[in-house]
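Here is a short report on one protein model. Keep the sequence and the 3D view at hand while you read.

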Amino acid sequence: MLHTFINIPVFQKLYEKTSLFKTRVQKISDEVLKSDSVLKGEKFENFVESRLFPDKDYVLVKRTDNFERNKNRFSESTNDPDFIFRNRTTGIEFCVEAKYRSKLGRHIVDNKPTISWCKDYQLERYRFIDQNNIPVLIAVGLGGVCTHPRSIYLFRVRKVRYYDIYEDVAQPYILDRRFWNGVPQNMTTRIINSEPLNKFI
């Protein structure tokens, strides 16, 4: 659609002569080309960063590149978890991978409800990082909208064996809504120690 407009002589001249117009057209083009799932994923990442791990309790050590930065040159570190945070009280650093899913899936064999939270190669990579470098926590938003999901699951990657998790298996890792405005620092430590969240309810 964009290329059609650029081929019309009037728009072509504007496009060639005005750098501001070029910038605006590129931004519009980028937004159009961004898939819906990428947009939802970025919005949920922002939710996780600002709401679950706020600056008052957690230092943001690292954030992986987003769609905008990767479109010109892909950064290999984009394959790493979305964030590295440091607990301001304990000094413990940990990664967080944020995943949003609008609905439950169904297991291919028994048709039970599942949360398909990643791809198999991503699970292997997160496990490798978790075992060799730094704890990796997974925050999965499910249902509702990406900026306010119906449920949030929070667990250490070593607690799951598959990229499809049965919903009933994930139940102990539902984050109580009391903690949606900041995961308590002592809770983070316990999650890193692989304790289920239902101990906090």
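The sections below cover strands, a helix, nonpolar cores, aromatic rings and cysteines. The model is predicted.

## Strands and their partners

Strand β5 (residues 113-116) is joined to β8 by three bridges. In this pairing, S116 stands opposite D164 in β8.

A further antiparallel pair is β6 (residues 136-142) with β7, joined by six bridges. Here G141 stands opposite I152 in β7.

## A strand covered on both faces

Strand β7 spans residues 151-156. Six of its six residues are buried, so the rest of the structure largely encloses β7. Which residues lie on each side of β7? S151, Y153 and F155 are on one side, while I152, L154 and R156 are on the other. Both faces are covered.

## Helix α8 and its buried side

Helix α8 covers residues 185-192. Its buried residues are Q185, M187, T188, I191 and I192. They cover an arc of only 155° around the axis, so they sit on the same side of α8. An α-helix has 3.6 residues a turn, so residues three or four places apart point the same way.

What covers this buried set? The cover includes β1 (58-63), β2 (83-87), β3 (93-101), β6 and β7. Take T188 as an example from α8. T188 has a relative accessible area of 1%, which means that T188 is buried. Leaving aside neighbours within four places in sequence, T188 contacts F53, Y58, N87, F94, L137 and V183. After α8 comes S194, with a positive phi near 70°.

The largest nonpolar core has 24 residues. Those that touch the most other members are V48, L52, F53, F94, V96, L175 and V183. Elements giving two or more residues to this core are α4 (36-52), β2, β3, β6, β7 and α8. Apart from this core lies another, of 20 residues, including W117, C118, V160 and Y173.

Beyond its neighbours within four places in sequence, F94 is in contact with F53, Y58, F83, I84, F85, N87, I134, P135, L137, T188 and I192. Ring pairs also link F94 with F53, Y58, F83 and F85 into a cluster.

## Aromatic pairs

The structure holds 13 aromatic pairs. One of them joins W117 and F155: the ring centres are 6.0 Å apart and the planes are at 85°, so the pair is edge-to-face. W117 lies in the loop between β5 and α6 (120-132), and F155 lies in β7, so this pair ties together parts 38 residues apart in sequence. W117 is buried at 0% relative accessibility, and F155 is buried at 3%.

F155 also pairs with Y173. Their ring centres are 6.1 Å apart and their planes are at 65°, so this pair is edge-to-face. Y173 sits in the loop between α7 (167-170) and α8, 18 residues from F155. At 12% relative accessibility, Y173 is buried.

## Cysteines

How many disulfides does a search of the whole structure find? The search finds zero. C118 is buried at 6% relative accessibility. C146 is buried too, with a relative accessible area of 10%.

Key: Residues numbered from 1 in each chain as written. Predicted model: local features only at pLDDT ≥ 70, side-chain atom pairs only at ≥ 80, totals over all residues. Heavy atoms only, no water. Pairing = 2+ DSSP bridges. Helix = DSSP H or I, 4+ residues; strand = E, 2+ residues; numbered from the N terminus. Buried < 20%, exposed > 50% of the residue type's maximum accessible area, 1.4 Å probe, protein only. Arc of directions from axis to C-beta. Contact = heavy atoms within 4.5 Å. Core = buried A, V, L, I, M, F, W, Y, C linked by side-chain atoms within 4.5 Å. Disulfide = S-S within 2.5 Å. Phe/Tyr/Trp six-rings, centres within 6.5 Å; stacked < 30°, edge-to-face > 60°.
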